[in-house]
Amino acid sequence: MIREFFTQLRLNAILGLFLVGVLLLVIALGLVWTPYDPLAIDLDHTLGQPSWSHWFGTDQFGRDVLSRAMLGARISTMIAVETVVVAVAAGAMLGVIAGFLRGWTDRALMTVTDAVLAFPGMLLALALIAVLGSSRRSIVLALSIAYLPSVLRVVRSAVLSIREREYVEASQVSGDSTLYTMVRHVLPNTLPPVIVLATSMFGWVVLSESALSFLGVGVPPPAPTWGNMLSMARPYMANAAWLSIVPGLCIAATLLGVNLLGDAIRDYFDPRREAR
Amino acid sequence: MLAYTFKRLLLTLPTLLLVALIVFFMIRLIPGDPAQVLLGEGADQASLAALRESLGLDKSLPRQFLTWAGNALQGDLGRSIVSDEPVIALIIDRFQLTAVVVLVAVALATIIAVTAGLIAAWRRDSGIDVAVVGTASLVMAIPSFWLGLILLLVFGLKLGWLPVVGYVPFSESASEAVFYLVLPILTLTIIESGMLTRMMRSSAIDVLQLEYVTHARAKGLAERTVLARHVFPNAFAPTLTLVGLTLGHLLGGIAVTETVFTLPGLGRLMVDSILARDYPVVQGCLLFTAVIYVLVNLIVDLLYPFFDPRVTAQ
């Protein structure tokens, strides 16, 4: 039985790595080559069915769907990476401060966190974009603010146990400043849970960004993202189903890959929860 | 129990206060005169002056906040720039539809999750377990709006069983309303059951390894009884928290699902208001959803001791 689930675990990790690898390869390939110009309008070949010359067909402006999906992969992934980096950096910093200093600082930060968490993430991001204006930068900022509280909570709870360890006490006793102890000894040890969280967060952000684009407040056209491709495909659903199917499959494959990889990483850091 | 309830109630107060502060200051972040922002471009001088007066813009920020919060407590969230209707009336009107869809979908998803999760945990590593976990993982990777589109494509366009766009309010025809709500509810149920199933399975696995389960089996109880009477109540507590979180967030608006199925719910109201720069409505929706979320979680926390009596002791 134990061997069974090890093989199952590895299969999941391999499938996850494979899907994420394909995504990265597609992005890398898209940097140097796409079959057509993703933005080139060709009104002679609008809503073309998938064929040998256009594998995934063309959209209502005759643009090649495969090329657009490749560029969309890059834009969606970049936004997700930037968001995760901003949210994790800020969240980890505040989380270490809250968990290590405890007391008043901790209570204040946690109350704010609870209040921010009371807003559904999507709606908070929507409202922030309404205030900040619709641009790529405000999407990253809005999503970072929406996801920051989850990072803060995870890091804080990790710090609560880390601060009781001997090496932290040793650092304090040997006269290191509080700041030095936090940065040098506490922060690095929060890494495992942060890596686990960052992986699954990447998936959520890809999903949120595509939802924002789908609602029409995401990355402004003509730049393609999977979300705005789906949003634009809706009126043509009846006679050009491929327009809806392709970007959706891209999102689903990316999320599946990232989630499987995330599970594998979590099991690696937390063997007790193996193969859940 | 009473002390627990009281403490839990008290804890929501600072959260609610901060929620109100965030909503209040978010609108103040928009550059320009708040009265102009709240009334829109076309406002005349007289109504601008009137609003400035009622918002107390010449007074200090804390005073302005108190005025605003006081009005909000009395249910006065201002008027929509677009339709000039009271914001609270708009919200309540749209919320009913969202609430029906969300409550039915979350209830169905919970039933599916509890059943599938328990069976998968009980027959761990069997074919059923692998199938349940695999399906749940797959479902978690599917964007709800895409699933909605595909369901529309199959059941609406290809098979022609269900309507593709539009909505008939319950007040006009309940049977027709249900017809329009089948696909949105199905979409949400499928999407939300993924994470809940994994949660239920995971906590059921933990509970199944506990000694009192072995004891119950040793007493000769049927497996069905062991699962229903001993495993389910204890394994359900963490899932209940997740149900609460899900419910709280979804009630705030299933903007994406409502967009796919062109349903006039709360989420759609918020998105339309953002696109139309109808800030009083945006502000009202945000406040409303956050308050709903806090209340739902309060209720879940108050229900928690019934499943796990240790909670009150802490």
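**Entry 1: the contact between the chains**

I began with the area that chain B and chain A bury between them, which comes to about 4,300 Å², 73% of it on carbon and sulfur atoms. Buried area here is the accessible area (1.4 Å probe) that two parts lose on being put together, summed over both. I noted that the size of an interface is often given as the accessible area lost when the parts come together. In chain B, the residues that lose the most area to chain A are B:Asp125, B:Phe145 and B:Trp146, together 15% of what that side buries.

The model is predicted: local features need pLDDT of at least 70 and side-chain atom pairs count only at pLDDT 80 or more, while totals for chains, interfaces and linings use all residues. Residues are numbered from 1 along each chain as its sequence is written, chains are lettered from A and ligands numbered from 1 in the order in which they are written, and side-chain values use heavy atoms, with hydrogens and water left out.

I then looked up how many residues take part. Chain B gives 52 residues to the contact and chain A gives 49 residues, where contact means heavy atoms within 4.5 Å.

I looked for charged pairs and found 1 salt bridge across the interface of chain B and chain A. A salt bridge is a side-chain nitrogen of Lys or Arg within 4 Å of a carboxyl oxygen of Asp or Glu. A:Asp263 forms a salt bridge with B:Arg198, and the closest N and O atoms are 3.0 Å apart. The elements that give two or more residues to the side of chain B that touches chain A include helix H1 (2-28), helix H7 (144-158) and helix H8 (174-208) of chain B. H7(B) gives the most to that side, with 8 residues. Helices (H or I, at least four residues) and strands (E, at least two) are DSSP runs, numbered from the N terminus.

**Entry 2: chain A as a whole**

I recorded 10 helices and 0 strands for the secondary structure of chain A. Its C-alpha atoms fill a box of roughly 75 × 55 × 30 Å, taken along the principal axes. Of the 276 residues in chain A, 51% are buried. Buried means under 20% relative accessible area, exposed over 50%, and partly exposed in between (1.4 Å probe, protein chains only). Among the contacts in chain A with a separation of 6 or more, 71% are between residues 24 or more positions apart. The accessible surface of chain A comes to about 12,800 Å², of which 67% belongs to carbon and sulfur atoms. Accessible areas come from the Shrake-Rupley method with a 1.4 Å probe, and for residues only the protein chains shown count as cover.

**Entry 3: salt bridges within chain A**

The structure holds 10 salt bridges over all chains, and I followed several of them. A:Glu82 pairs with A:Arg136, the closest N and O atoms being 2.6 Å apart. A:Glu82 lies in helix H2 (residues 65-101) and A:Arg136 in helix H5 (residues 136-162) of chain A, so the pair ties together parts that are 54 residues apart in sequence. A:Glu82 is partly exposed at 27% relative accessible area, and A:Arg136 is partly exposed at 32%.

A:Arg102 and A:Asp106 meet in a salt bridge of 3.4 Å, N to O. A:Arg102 is partly exposed at 34% relative accessibility, whereas A:Asp106 is buried at 5%. A:Asp106 also forms a salt bridge with A:Arg156, with the closest N and O atoms 2.7 Å apart. This pair links distant parts of the chain, for A:Asp106 is in helix H3 (residues 103-117) and A:Arg156 in helix H5 of chain A, 50 residues apart. A:Arg156 is buried, with a relative accessible area of 16%.

**Entry 4: an enclosed helix and a buried threonine**

I checked helix H9 (residues 226-233) of chain A, where 6 of the 8 residues are buried, so the helix is largely enclosed by the rest of the structure. The buried residues of H9(A) include A:Trp226, A:Met229 and A:Leu230.

In chain B I looked up B:Thr110, which lies in helix H5 (residues 87-122). B:Thr110 counts as buried at 12% relative accessibility. Leaving aside its neighbours within four places in sequence, B:Thr110 is in contact with B:Leu196, B:Phe236 and B:Val243.
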